[in-house]
Amino acid sequence: MSAARLTGLAESAAHGIERQEWMAPVEDALQRAVAAAFKAGGVAGRAVKNFLHGTWLGHPLHPVLTDVPIGAWTTALVFDTLDAGSTGWPWQQTARRRADDAIVVGIVGAVGAALAGLTDWQHTDGKARRTGLAHAALNTLALGLYTGSLVMRKRGARGAGRSLALAGLGVMGASAWLGGRLVYRERIGIDHAQREEPEGFARALREAELREGQPVRAEVNGLRVVLVRRAGRVYALGERCSHLGGPLAEGEVRDEAIVCPWHGSRFALEDGRVLDGPATMPQPCFETRVRDGFVEVRRRPETGLAAA
């Protein structure tokens, strides 16, 4: 089968997944359950959620963890190939042990990747939500196949174990293709903040338009900025949330932070750093000054991603 034909079939399958409206109640119920579980955990639940999102890492944790099962299970394939082709040779038993060890590592890594992925998925909607659910289902199937492979190996059925592992590798490949589609087509997990920051001070809005603790949107040379007056000081951040582009000007100011109205990401007014996810990348932060009754902003050196 040609590469073009294979790509066409994959695209058709992806479009078919996106059209499965019957999945909506399942998606809604699962998202509510995940959100409720973290909420029930209180402060600890929020800390776990932030960890799984990767707020401490500066970008999503999920793609980091997916490298573990991909690498481990590919390693298992290499040792399985050596095992199958070296009957009677001294290194056959070593190859078998290494293959089994790699599968165990992959299973552990897959569980971690699934938890991080589910935490991120709860904040998606539309086509991305549906594709993400299919991606998770395929990953779960791959995990089941590799678990079954390990069981077969422990029972001495090496041939069956290798076959299940090979099937799991194929399923994982299909799932990885959907994962790439989520990133490169649906823009899930990438930075949505505008970072084309003005070099010099530029007018944003009249100072009189600012009210204590109320975010206000302004546009500076095509760049959307949110300004907040807090305790006599004016703060300015990029207005588009780095998570999925939510309008921070429609959010809420809490203490010394602003909360995105879409998914609850919380950013420090002082420097734009992430205080709570699902965002993992900080907001662009600007210096402010008042001149002739106008608030002016300019790029703040070494802020945003450069300082993360």
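Predicted model: local features only at pLDDT ≥ 70, side-chain atom pairs only at ≥ 80, totals over all residues.
Visitor: Is Arg158 buried or exposed?
Guide: The cut-off for buried is under 20% relative accessible area. Arg158 has a relative accessible area of 10%, so Arg158 is buried.

Visitor: How many residues apart are Arg185 and Glu11?
Guide: The side chains of Arg185 and Glu11 meet in a salt bridge, at 2.9 Å from N to O. Arg185 is in the loop between α7 and β1 (202–206), while Glu11 is in helix α1 (residues 3–18). The pair thus links distant parts of the chain, and the separation is 174 residues.

Visitor: Is Glu11 buried or exposed?
Guide: Buried requires a value under 20%. The relative accessible area of Glu11 is 18%, so Glu11 is buried.

Visitor: Which helices hold Glu27 and Arg130?
Guide: Glu27 and Arg130 form a salt bridge through their side chains, 2.9 Å from N to O. The pair links distant parts of the chain, 103 residues apart. Glu27 is buried, and so is Arg130. Their places are helix α2 (residues 24–40) for Glu27 and helix α6 (residues 126–154) for Arg130.

Visitor: Which strands hold Glu287 and Arg298?
Guide: The side chains of Glu287 and Arg298 meet in a salt bridge of 2.8 Å, N to O. The two residues are 11 residues apart. Glu287 is in strand β9 (residues 285–291), and Arg298 is in strand β10 (residues 294–299).

Visitor: Why do Glu287 and Arg298 count as partly exposed?
Guide: Partly exposed covers values between the 20% limit for buried and the 50% limit for exposed. Glu287 is partly exposed because its relative accessible area is 26%. Arg298 is partly exposed because its relative accessible area is 31%.

Visitor: Which residues does Ile190 touch, not counting residues up to four places away in sequence?
Guide: Ile190 lies in the loop between α7 and β1. At 23% relative accessibility, Ile190 counts as partly exposed. With residues up to four places away in sequence not counted, Ile190 touches Val183, Ser242, His243 and Met281.

Visitor: What separates the C-alpha atoms of Ile190 and Ala279?
Guide: Along the chain, Ile190 and Ala279 are 89 residues apart. The separation of their C-alpha atoms is 9.7 Å.

Visitor: What radius of gyration does the protein chain have?
Guide: The C-alpha atoms of the protein chain fill a box of roughly 85 × 40 × 40 Å along the principal axes. A compact globule of 308 residues would have a radius of gyration near 19 Å. The protein chain has 24 Å.

Definitions and conventions: Residues numbered from 1 in each chain as written. Heavy atoms only, no water. Rg over C-alpha atoms; globule rule 2.2 N^0.38 Å. Buried < 20%, exposed > 50% of the residue type's maximum accessible area, 1.4 Å probe, protein only. Salt bridge = Lys/Arg side-chain N within 4 Å of Asp/Glu carboxyl O. Helix = DSSP H or I, 4+ residues; strand = E, 2+ residues; numbered from the N terminus. Contact = heavy atoms within 4.5 Å.
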